[in-house]
Amino acid sequence: MPDFELSSPQPPTSWAQPALEGTVRSRTAFVALVIVVLATSAACTSGKSGETGSPAAQPSATTHQHATNTPGTGATAQASPTQLRAEFEQALGQNSLLVARQMRAVVAGSPELQQAIGGSLQENTAELTRIVTAAYDAGQGDRFKELWQRRSDALGAYADAVAKGDESAKQAAVTALNSYAADHGTWFAKASKGRAEASASANGVRSHLQELTGQLDAYAARDYAKSYQIERLAYEHSFTAGTTMAKESITPELSLGFDAPPEKLRSAFTMLLGEHMQLIVGAQRAALTGAPEFKAAAAQLNANTATITKALGGIVGPQKAAEFQTAWASHVEGLMAYTAGVASKDEAKKATAAANLETLSSRLALYFSGIVKNELPVEPLTKAVTEHDSHLIGQVDAYAAKDYTKAQQMELDGYKQMLGVANILVGAIQRTVKSGMPVGGSKTGGGGTAHGRHDLG
């Protein structure tokens with residue numbers, strides 16, 4: 001994978017209100033937050049027996065354990081507040097990326113891909129509705145689903161208008177989106193029993209919708225760098241809004257654990273690893289089809305690697321972080337080498353790339369096992385990385401065969417796996433990081449910057 005120079009993201013300008021001030025800075029602020037959280041987590045978990053920071057439970061790297069599951073639906077029932085938070089985060093983050101890709105497929109004139117992504121969006125909407133129902137009640141779940149459908153319809157109308165160059169239809173879609181945002185804010189204030197403010201919620205929704213429409217405007221103008229930068233911001237904001245959706249469903253007393261360093265650490269890792277998964281998918285598909293946005297997709301993939309590396313540096317130091325960056329970059333390059341083999345229909349190249357990925361999986365597993373002082377055996381870590389590669393190999397094979405439905409399913413399965421991987425790593429880090437590690441922003445480069453979040457609730 002070539003290393004491309006990145007430019008600073010610019011906010012979209014498709015709507016006159018409200019301006020997206022602060023979104024340009026939010027990614028940098030989030031890096032600072034991750035570093036501080038990692039260091040704080042190290043401090044909180046390094047004390048003697050009986051002190052704060054008990055180890056997290058260890059779920060499988062491939063599944064997310066719920067307190068109770070509704071048979072046959074995957075719905076969460078009687079889940080803990082932190083489980084609801086994790087589910088909200090993943091589902092909302094996923095939705096943002098699916099919407100961005102579907103809107104682009106409309107502009108690119110790819111009806112088969114658009115249909116497949118539409119199926120994924122339906123599945124995502126059903127999942128979100130189940131989570132809302134579990135967090136609030138069935139009546140609020142029904143109202144959410146109704147509002148969410150209005151949102152989907154308006155975003156689809158906006159994409160159609162951009163594809164046709166119909167400015168009047170674009171404005172009508174914007175009007176519909178503004179109306180949806182206001183009604184969503186009113187709904188959330190009622191569902192949360194006043195814990196959320198309607199106007200603040202509506203403003204957060206509008207800002208996020210601006211990002212989704214802005215990334216499409218940039219894409220249609222062939223400003224792919226800007227489009228992919230905005231896409232990452234939209235993902236970050238929708239993912240972190242999951243915290244708000246979960247937090248406002250419970251009393252302040254029950255949500256105290258949301259601010260605990262281990263929970264923030266879990267959230268940060270899940271977001272960054274999920275983003276990694278989705279960015280590779282975007283880069284693979286662009287490379288496979290020779291799309292002009294490949295450079296922009298690759299640039300954001302490299303930026304994600306840099307973010308994870310900088311975050312890890314807060315607990316393992318710069319030398320170990322540099323080792324990770326080298327191993328992680330090789331992992332990405334191996335996946336792109338496989339993609340190149342698929343694109344050229346070169347079976348030998350594919351076989352070589354697949355073999356190299358197996359070796360790289362072991363290398364990454366050894367690295368992760370080493371930084372947690374062998375608290376985690378190498379074998380399950382290798383299995384987790386191998387499964388991650390299998391999802392990405394499977395999706396690119398299916399995409400090349402134009403089996404877009406299968407490609408989407410492999411993508412969604414791989415994205416969901418990232419939560420289990422994050423849980424495993426966080427639990428091990430809690431048990432092994434010692435008090436000698438850097439604590440506080442001044443020592444880690446984090447500073448005291450707070451992360452500004454947009455509420456989608």
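Predicted model: local features only at pLDDT ≥ 70, side-chain atom pairs only at ≥ 80, totals over all residues.
The protein chain has 457 residues, of which 56% count as buried, and its secondary structure comes to 13 helices and two strands. Among the contacts that join residues at least 6 apart in sequence, 78% are between residues at least 24 apart. The chain exposes about 18,400 Å², and 53% of this area is supplied by carbon and sulfur atoms.

Inside the model, the count comes to four cavities of 30 Å³ or more. The second largest cavity, with a volume of about 40 Å³, has a lining made up of Phe 269, Leu 273, Ile 308, Leu 312, Phe 324, Phe 368 and Leu 425. Two or more of these lining residues come from each of helix H8 (261–289) and helix H9 (294–344), and H9 gives the most, with three residues. The classes in this lining are set out below.

| Class of lining residue | Number in the second largest cavity |
|---|---|
| Nonpolar | seven residues |

Thr 129 counts as buried because its relative accessibility is 11%, where the cut-off for buried is under 20%. Leaving aside residues up to four places away in sequence, Thr 129 touches Gly 141, Phe 144 and Lys 145.

Note on methods:
Residues numbered from 1 in each chain as written. Heavy atoms only, no water. Buried < 20%, exposed > 50% of the residue type's maximum accessible area, 1.4 Å probe, protein only. Contact = heavy atoms within 4.5 Å. Helix = DSSP H or I, 4+ residues; strand = E, 2+ residues; numbered from the N terminus. Areas by Shrake-Rupley, 256 points an atom, 1.4 Å probe, with all protein chains shown as cover. 1 Å grid on protein atoms, 1.4 Å probe; cavity = no way out; pocket = protein on both sides within 12 Å on 5 of 7 lines; lining within 4 Å. Points joined across faces, edges and corners; volume = space filled by probe spheres on them. Nonpolar A, V, L, I, M, F, W, Y, C, P; charged D, E, K, R; others polar.
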